[in-house]
Amino acid sequence: MPDQQPISVLYDADCDFCRWSVSKLLEKDSHGLLLPVSIQSARGQSLLSPIAQERRLDSAHCVASNGEIRSGGQAVEWIAMRTEGAALAGRLAAAAPWIFVGGYRLVAKNRGLFSRWMTPSRLALADRVIAQREGPPESDTASLLT
Amino acid sequence: MSTWEQLAQLPIDIEGYDLLPLAENVSSGFLRQTTIVRLQGGGHEGLGEDVVYDGVDQDAFQAAGAVHELTSARTLGEFTLLIAGLDLFPTRTPERDVSRLYRRWSFDSAALDLALRQGGMGLEEAVGRRSESLAFVVSLRLGEPPTLEPLMERLAIDPTIQFKLDPTDEWDPELIAQLAATGAVESVDFKALYSGTTVDQVGGIELYQRVVGALPNAWIEDPGLEVQGVDDFLTPHRDRVTWDANIHSIADIEALPFKPSMVNVKPSRVGGLQSLMETYDYCNEAGIRMYGGGQFELGVGRDQAQLLASVFHANGPNDLAPTGWNAAAPVGPLLSSPLRLSPAATGLRLA
């Protein structure tokens, strides 16, 4: 039985493509286990305090309720183990693999290629999806689960 | 009062601790695993990072969990004595002895972080020194066969950046001349002191002859003095020789074949906090310059290594470049040397 504890997904709020990718991830998360948190927020910085500052924006991260952290490609495998196993892993990989592998720097390097997908309407929709799950600014993760 | 005496008396209150695993595929299929040691007490957390390289040792550490009783210490000095007396590998003998020092550092650094946070002070205040802008070099391998390309790729991002390079037998005079022409080689690391690792090198005297003369301003790190002819050849260049892999303590510095101009003092390689502070004081009093280096940290250990370097040897050729410089294909802009750090108001951390 997979672990059903919530997992915080840390993303770069200054990266349009990252926000859009996280929104796709959330749409695939039918159990509502994934909680988006901006890396730049106070809560994001607190959750990532064990991570070297210079690495925090290098990739997306996942943080479990007990504080365990996985980064980059490790995060995909980790989410799968704690949710629905291989089936979800396949869906995650199909939905948004790039936010985990190579992360922000990959996106930054290919900004021109990716940017044509980032229409204002797509971004607005993505931000709404994130906001629905993110809750009020700096709210406690636990309060979002009740 | 010595630096250690200033720190040893700091009160500490530990209620418990736990371990947080970190893992990341960092390069060419290498899964880097480290562990965050998180001490708790008085509503505060103190963090340190275990940088033991062998995954099996990390797995055993994490699987065993928080098995040690650490709540009895009342001062930082008492805590470090407690840690020194424990077997920090209770379920498995480590793959390499130096790992014991790495693990000891993870607990000692976490305790320093916690004591500072509980005391409401940062490292600068605790040791009476200022954090200065951190000079750094980019440690780089030139590929197989070696070419100038990795270096030029980074110079295109920042023409002022300096490098620490690992010479190999494949370095021919033409390549060395090209490297010299860049004026960007701060240090050459012969890596002759490693054994049983992926970075071992045993260059012959010809390599030293090709490199040392052509790069007359570069530091010469970890040369193989036992290699036929190398000691004699380097005698006129002893003021350029630095030592890294063999430096774990003051005793190691005193055991060197001649007094060094500079040594690499890596906190995790020294291990104990007391030993580290005593090494800093010893080098300062002896007029031995210092520099630092990283250990492929994934977590707060990187911040702590940079912070300590900025406080105790900010001007050395610190092998602590921001990680973006180490990417296979670096993307600019990247932070230049010297790096202005922002120490946290409390703790052994960056803000």
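Colleague: Which strands does helix H1 of chain A lie across?

Modeller: Helix H1 (residues 16-28) lies across S1 and S2 of chain A. Its direction is at about 160° to S1(A). A word of caution: this is a predicted model. Every value here is computed from it.

Colleague: How do I read the sheet under discussion? What is the order of the 4 strands in chain A?

Modeller: Start with the general idea. Strands of a sheet pair through backbone hydrogen bonds, either parallel or antiparallel. Now the case. The order in chain A is S2-S1-S3-S4. The sheet is open, and its pairing is mixed.

Colleague: Which are the edge strands of chain A?

Modeller: Strand S2 (34-38) and strand S4 (69-71) of chain A. Each of them pairs on one side only. From one strand to the next, the twist averages 25°.

Colleague: Take one pair. How many bridges are there between S1 and S2 of chain A?

Modeller: There are 5 bridges between strand S1 (residues 7-11) and S2(A), and the sense is parallel. For a spot to look at, find A:Leu10, which stands opposite A:Val37 in S2(A).

Colleague: How do I read contacts along the chain? What share of contacts in chain A join residues at least 24 apart?

Modeller: Count contacts between residues at least 6 apart in sequence. In chain A, 71% of those join residues at least 24 apart.

Colleague: On to the core. Which residues of the largest nonpolar core touch the most other members?

Modeller: The general idea first. In soluble globular proteins, nonpolar side chains tend to be buried together. Here the largest nonpolar core holds 116 residues, and A:Val9, A:Leu10 and B:Ala111 touch the most other members. Helix H4 (residues 98-119) of chain B gives the most to this core, 10 residues.

Colleague: Which residues does A:Val9 touch?

Modeller: Leave out residues up to four places away in sequence. Then A:Val9 touches, among others, A:Val22, A:Leu25, A:Leu34 and A:Leu35. The list also includes A:Pro36, A:Val37, A:Ala60 and A:Cys62.

Colleague: Now chain B. What order do the 7 strands of its open sheet have?

Modeller: The order is S4-S5-S6-S7-S8-S9-S10, with parallel pairing. Strand S4 (138-140) and strand S10 (289-291) of chain B are the edge strands. The twist averages 30° from one strand to the next.

Colleague: How many residues of strand S6 of chain B are buried?

Modeller: Strand S6 (residues 185-189) has 5 of its 5 residues buried. Follow its pairings. Strand S5 (residues 163-165) of chain B joins S6(B) by 3 bridges, running parallel. There, B:Phe163 stands opposite B:Val185. S6(B) also pairs with strand S7 (residues 219-221) of chain B, over 3 bridges in the parallel sense. In that pair, B:Asp189 has B:Glu221 as its bridge partner.

Colleague: Let me try a single residue. Why is B:Pro260 called buried?

Modeller: Apply the cut-off: a residue is buried if 20 or more other C-beta atoms lie within 10 Å of its own. B:Pro260 has 20 other C-beta atoms within 10 Å, so B:Pro260 counts as buried. Its place is in the loop between helix H10 (250-254) and S9 of chain B. The residues that B:Pro260 touches include B:Val241, B:Thr242 and B:Trp243. B:Thr242 has a bridge partner in S9(B), B:Met262. Strand S8 (residues 241-243) and strand S9 (residues 262-264) of chain B run parallel, joined by 2 bridges.

Colleague: Last, the interface. How many residues of chain B are in contact with chain A?

Modeller: In chain B 19 residues are in contact with 19 residues of chain A. Strand S1 (16-27) and helix H13 (300-312) of chain B each supply at least two residues of that side. The largest share, 6 residues, comes from S1(B). By type, the side of chain B that touches chain A divides into 12 nonpolar, 3 polar and 4 charged residues.

Technical notes: Residues are numbered from 1 along each chain as its sequence is written. Chains are lettered from A and ligands numbered from 1 in the order in which they are written. This is a predicted model: local features need pLDDT of at least 70, side-chain atom pairs count only at pLDDT 80 or more; totals for chains, interfaces and linings use all residues. Two strands pair if DSSP finds at least two bridges between them. Axes are lines fitted to C-alpha atoms, for helices over the stretch in contact, and angles run from 0 to 180 degrees between N-to-C directions. Two residues are in contact if their C-beta atoms, placed from the backbone, lie within 7 Å. Ala, Val, Leu, Ile, Met, Phe, Trp, Tyr, Cys and Pro count as nonpolar, Asp, Glu, Lys and Arg as charged, and the others, Gly among them, as polar. A residue is buried if 20 or more other C-beta atoms lie within 10 Å of its own, exposed if 12 or fewer, and partly exposed in between; C-beta atoms are placed from the backbone. A nonpolar core is a set of buried Ala, Val, Leu, Ile, Met, Phe, Trp, Tyr and Cys residues joined through C-beta atoms within 7 Å.
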